[in-house]
Amino acid sequence: MERPRPAVAAPWTAQRVRWVRRWTEHLFSFAIDRPEDFRFRSGEFVMIGLPAADGGKPILRAYSIASPSWAEELEFFSIRVEDGPLTHRLVHIQPGDEVLLGRKPTGTLVLDALKPGRRLFLIGTGTGLAPWLSVARDPETYARFERVVTTHTVRQVADLAYRDFFTRDLFEDPLIGEEARGQLTYYPTVTRDAFERSGRITDRIADGRFFADLGLGPGFDPDVDRVMLCGSTAMIRETAALLESHGLAEGSNAEPGDYVLERAFVG
């Protein structure tokens, strides 16, 4: 007689939505309960999703965790994608709803994938800011690097979600506020609206404005500079090429390097 096979646990759990913040018509953030056994490193991503409306197989997508590794909740930053099978529903979630959370966080946008250095550049576009929200709230970031520069490039000024967080709230954080005040610089750029810093971050790096604005030397220094990249595929590829031209080498969890990018998000 054949023995019954043991039940296989689902690769996700259902978690309650704690809060939702809508930045614009298309940009929103939300937080869900964190299971007691859920462990992750600041900067990692996880699969999240919603139950299928028709009772079929759920749709899940990779999302960077925006909360730091010590937080009691899991925060995410999302954009509604036109005709997106998940986000066209996710944008309507409310506190008390359930979101599916994958069991295995992973990723390369972590401090462990970088060699020791003095300056850390967190370069992001759009919702690629999400992992920097995690890394910038981790005490280890300020213990390992003397200076931390967080960039955020968007199309319109209204898209600068978390601007108040990086210019005020972070400096009042009881855990890392003092370190952030002395070590972190926020560097937003806008491509379509009038703004104090206009244009693509890659253009500002290439022509030297980025370094001049920050009072740095003429380019990245592979001896002291470490970089993380997250955002549009075009930005990541172009910036990676710029970093390579300055002598920086890509790293990974297996072999730490001078810069890292999240290949799970790069087409």
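## A first look

β4 gives the largest share of the lining of the largest pocket, with four residues. Helices (H or I, at least four residues) and strands (E, at least two) are DSSP runs, numbered from the N terminus. This is a predicted model, where local features need pLDDT of at least 70 and side-chain atom pairs count only at pLDDT 80 or more, while totals for chains, interfaces and linings use all residues. Residues are numbered from 1 along each chain as its sequence is written, and side-chain values use heavy atoms, with hydrogens and water left out.

**The largest pocket**

- About 1,100 Å³ of space lies in this pocket; the volume is the space filled by probe spheres set on grid points, which are joined across faces, edges and corners.
- On a 1 Å grid over the protein atoms alone, a pocket is an open set of points where a 1.4 Å probe fits, with protein on both sides within 12 Å along at least five of seven lines; lining residues have an atom within 4 Å of a point.
- The lining has 39 residues, and Ile79, Thr125, Gly126, Thr127 and Gly128 lie nearest the centre.
- At least two lining residues come from each of β4, β5, α2, β8, α6 (201-206) and α8 (233-245).

**The open sheet**

- Six strands form an open sheet in the order β4-β3-β6-β1-β2-β5, with antiparallel pairing; two strands pair if DSSP finds at least two bridges between them.
- β4 (59-64) and β5 (73-79) stand at the edges with a single partner strand each, so one side of each has no neighbour in the sheet.
- Strand β3 (residues 45-50) pairs with β6 in the antiparallel sense over two bridges, and isoleucine 48 has leucine 101 in β6 as its bridge partner.

**The nonpolar cores**

- A nonpolar core is a set of buried Ala, Val, Leu, Ile, Met, Phe, Trp, Tyr and Cys residues joined through side-chain atoms within 4.5 Å.
- In the largest core, of 36 residues, those touching the most other members are Leu120, Tyr142, Tyr162, Phe166, Leu170, Leu184 and Met228.
- α2 gives the most to this core, with four residues.
- A second, separate core of 21 residues includes Ile201, Met235, Ile236 and Tyr259.

**Threonine 108**

- Threonine 108 lies in the loop between β6 (98-102) and β7 (119-125).
- Threonine 108 counts as buried because its relative accessibility is 18%; buried means under 20% relative accessible area (1.4 Å probe, protein chains only).
- Leaving aside neighbours within four places in sequence, threonine 108 is in contact with Ala113, Asn253, Val260, Leu261 and Glu262, where contact means heavy atoms within 4.5 Å.

Conventions:
Buried means under 20% relative accessible area, exposed over 50%, partly exposed in between (1.4 Å probe, protein chains only).
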